Structure formats: structure tokens, C-alpha cells
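This report goes through the two chains in turn and then looks at where they meet. Keep the sequence and the structure in view while reading.

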Amino acid sequence: MKELISLYWAFFRIGGLTFGGGLTMLPMLKYELVEKNGWVTEEELIDCYAIGQCTPGIIAVNTATFVGYKKRGVIGGIISTLGMISPSIVIITLIALCLEQFMDNVWAMTRTDGGTRCGMCTDAQYGGNIGKKEPCFACLLCDLYCRIFSIHVYGSSADCHCTCIGCFRNYTGNKEKGGKS
Amino acid sequence: MSNFLDLFISFFKIGLFAVGGGPATIPYLMDLTTTRDWFTMKELTNMIAISESTPGPLGLNMATYAGFTAAGVWGGLIASLGLVFPSVVIIILIARFLKDFSENKYVKLTFFGIRPAVTALIAMAVFNLCKVSLFIEKEGAMVPAFKTIALAVVVFVLMQNQKLKKMHPGIWLLFAAVVGVVFRF
């Protein structure tokens, strides 16, 4: 049981920290599976990789199943795969939820003009928070995320960061305030 | 209910036939834009962009996203499970076979040949990544982006250090992300 949990957790970390796809995952796989846990040797990992490449399905999942099976049989393979896919499902679902709100906000905001739009939005969205003295952690995270990956979905990144805060405000708290107007 | 079943079967098929990882699933998803009314071509391009810039394997991110667009939170979950289901079954069968035949001469020889080929494939991926990340396209010509090249060189040199090498690779990504914000790449 303990080993299954550590399998799940190791693949959860790999899935949650790699950007791109199966190929960019190699350094992370090597770190977690070969160096840290010693579940497979480096040669075995390359073999897993080779098999993952030439069998149908996405490489990351193929590798996870393979290593999991090697350690703990069928259950191990399933648990490792679930670990690998969990972060993706959670993150993408959150973003997709956020983007739906986001688009509503964008349309609401196009009615006002450039400069004021930004300020108004920030004021409106932060306003609720200042009153309650609870900084919205999700807002900050989303803001940081947008800055790091400079997601320019609409206009400048400044606009984007405001809208993002807006949509997360809507999601994390009082839905009647701001946003969907 | 039948919609969920349709989602599961569609993504099951993609998982069964797309050989070569995430990018190989894109043509199948394009196909879905015409055969089903789950998402449009424009939504699909958004999905690809977002899947590329979020953590996790590309193919899986796209499946979750596509499933979500088609049928909400449960749709995302079902599409992802559908995508990975064939992989899990196929790989477990192969792994079981290899366990019994791992000492077999021909199996060993096969892997002897496969390893260098995989190395070449990874090198090819690195080459393609360099083209995207170290150069900017300006008026049709490829111009080297010196800031990014400098960052890549710095990380590469730092990683030669034995102690730094043992750090979690995620820390390097975080470091690079911070540098990107501070120096506005």
C-alpha cells in the first residue's frame, strides 16, 4: 500500500511539473524514477520510452504504466497512470472553467475604453478583498501564471491579468459582484 | 448518458490509434470538429495553445479540455480516461510478455537496436525545440533570440555542477520562469 502511494505521488509530481509532452518529461522521469527512488535503471527507462513511442497512446502514460507494472503488477500500472493524469485533469478543468468566465468578462469589459478599463477592473475586483482583509490566493496564483507564460488572450497582458483576477474572484467568492455584467 | 459513452468511445479510439504521443492526436481531434458538434476548429486551436503552456502531457491536456468543452467537468474526466484506457491495457500486455521473454536473445537484440534509435528521436525533438525556443520569426526570417539563448547557456553550464545536477528539474523551470518575468523575455 505504501509503495502504491509513493508510485502515485511520484507520477503525480512528474505529470504536474512537465510542460509540453512525453519527450520533455525525460529529465523528470530520470530524476524521480532512477535517481530518487531507484525503481528502474537508466537503461530500463530508455526501453520503457522506446516501447512508449512505438505503441499507440501518449508516451507519458505508456511510460507510467510500464514502470508501475514493473514495480507492482497490474494495480501498480493503473495507479501510476492515474497519478500521471490527475494533475492534468485538475489543472485543465480549472483553466477551462476559468476561461468560460474569462470570456464573459472580456465582453463586459470591451464597453469601456483602454486605460480606465484596467483600473476599474482592478479596483472592482480587489475592492471586495480589501474590505474583508483576505488576500485572494487564487487571484495571485492566476496572475502570476499569466505573467509567467504571458498569456495574451485579449489585449495586453495587463488587461489579461485584470480579467483573470476578475474571473477568479467570481469563482472563489460572491458571484453577484462584478464579472458577469 | 449516451453523450458520455460517445465521448469515451471517441477518445478510446484516439488512444488506440494515435502512435507517437500527444501531437499525433491532433489530426484525430480535427476530425472530431467535423463529425461531432463538441467543439469548433477555433476552439481546438485555443485548446492546443493552452495545453502546450500548462503542465502535464500534451495529449492528455487536450483530451481533458476537449471533453470539458463537449460535456463539462465529467466530460473532461471521461475523455481522459477513454484516452488512457487502451494504453494501459496494451502496455500491461507488452510488459507481461517482456517479463517472460526478457532473457530471450531476440528480445535483447531488438532493444539493442531500439536504444540508439530512441536517442536519435530525442535529439530530433531537442533540435525542433531549439528552433522554436531560441529563434524568433521576424519578417519571414529566423532571427536568434539572444536573451533566451543566454538563459539556455546559463542553465546548461550551471547543470554541469555535480551538486546542482541533483536538484529537482522543476526548480530549473521555476528559476527560468522567474528570470523570464524579471527580464521580460
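Along its sequence, chain B runs in the order α-α-α-α-α-β-β-α-α-α. That gives chain B eight helices and two strands. Chain A, by contrast, reads α-α-α-α-α-α-α, with seven helices and zero strands. Both chains belong to a predicted model, and the predictor assigns the complex an ipTM of 0.73 and a pTM of 0.67.

The table sets some overall values for the chains next to each other.

| Chain | Quantity | Value |
|---|---|---|
| Chain A | Buried share of its 181 residues | 51% |
| Chain B | Buried share of its 185 residues | 36% |
| Chain A | Share of contacts at least 6 apart that join residues at least 24 apart | 61% |
| Chain B | Share of contacts with a separation of 6 or more that come from residues 24 or more positions apart | 44% |
| Chain A | Mean pLDDT | 66 |
| Chain B | Mean pLDDT | 82 |

**Confidence**

In chain B, 97% of the residues reach a pLDDT of 70 or more. In chain A, 52% of the residues reach 70 or more. Which elements of chain A have the lowest and the highest mean pLDDT? The lowest value, 37, belongs to helix α5 (residues 114-132) of chain A, and the highest, 89, to α1(A). Over residues 106-140 of chain A the pLDDT is below 50, and this stretch has 41 contacts in the model beyond near neighbours in sequence. Residues 146-181 of chain A also have pLDDT under 50. For residues 146-181 of chain A, the model has 75 contacts beyond four places in sequence.

**Nonpolar cores**

The largest nonpolar core has 34 residues, and the members that touch the most others are F11(A), I14(A), L29(A) and L33(A). Which helices supply at least two residues each to this core? From chain A they are α1 (2-17), α2 (26-36), α3 (42-54) and α4 (59-109), and from chain B they are α4 (58-101) and α5 (105-133). The largest contribution comes from α4(A), which gives seven residues.

Apart from its neighbours within four places in sequence, L33(A) is in contact with F11(A), I14(A), G38(A), W39(A), V40(A), L45(A) and V67(A). Two of these partners, F11(A) and I14(A), are also named with L33(A) among the core members that touch the most others.

N62(A) is part of helix α4 of chain A. Is N62(A) buried or exposed? Its relative accessibility is 0%, so N62(A) counts as buried. Beyond four places in sequence, N62(A) has contacts in its own chain with G52(A), T55(A), P56(A) and G57(A), and in the other chain with S87(B) and I91(B).

I78(A) also lies in helix α4 of chain A. I78(A) has a relative accessibility of 36% and therefore counts as partly exposed. Its C-alpha atom is separated by 9.6 Å from that of F66(A), which is 12 residues away along the chain.

**Where α2(A) meets α8(B)**

Two packed helices are described by the angle between their axes and the distance between the axes. The axes of α2(A) and helix α8 (residues 169-183) of chain B come within 9 Å and cross at roughly 140 degrees. An angle over 145 degrees would count as roughly antiparallel, so α2(A) and α8(B) are classed as oblique to each other. From α2(A), the residues P27(A), M28(A) and Y31(A) meet P169(B), G170(B) and L173(B) of α8(B). By class, this contact has five nonpolar residues, one polar residue and no charged residues.

One of these residues, L173(B), is found in helix α8 of chain B. L173(B) counts as partly exposed because its relative accessibility is 39%. Leaving out neighbours within four places in sequence, L173(B) is in contact with L17(A), F19(A) and M28(A). Within chain B, the C-alpha atoms of L173(B) and V155(B) are separated by 9.8 Å, and the two residues are 18 residues apart along the chain.

Methods
Residues are numbered from 1 along each chain as its sequence is written. Chains are lettered from A and ligands numbered from 1 in the order in which they are written. This is a predicted model: local features need pLDDT of at least 70, side-chain atom pairs count only at pLDDT 80 or more; totals for chains, interfaces and linings use all residues. Side-chain values use heavy atoms; hydrogens and water are left out. A nonpolar core is a set of buried Ala, Val, Leu, Ile, Met, Phe, Trp, Tyr and Cys residues joined through side-chain atoms within 4.5 Å. Buried means under 20% relative accessible area, exposed over 50%, partly exposed in between (1.4 Å probe, protein chains only). Helices (H or I, at least four residues) and strands (E, at least two) are DSSP runs, numbered from the N terminus. Contact means heavy atoms within 4.5 Å. Axes are lines fitted to C-alpha atoms, for helices over the stretch in contact, and angles run from 0 to 180 degrees between N-to-C directions. Angles under 35 degrees count as roughly parallel, over 145 as roughly antiparallel, 65 to 115 as roughly perpendicular and the rest as oblique. Ala, Val, Leu, Ile, Met, Phe, Trp, Tyr, Cys and Pro count as nonpolar, Asp, Glu, Lys and Arg as charged, and the others, Gly among them, as polar. pLDDT is the predictor's confidence in each residue, from 0 to 100.
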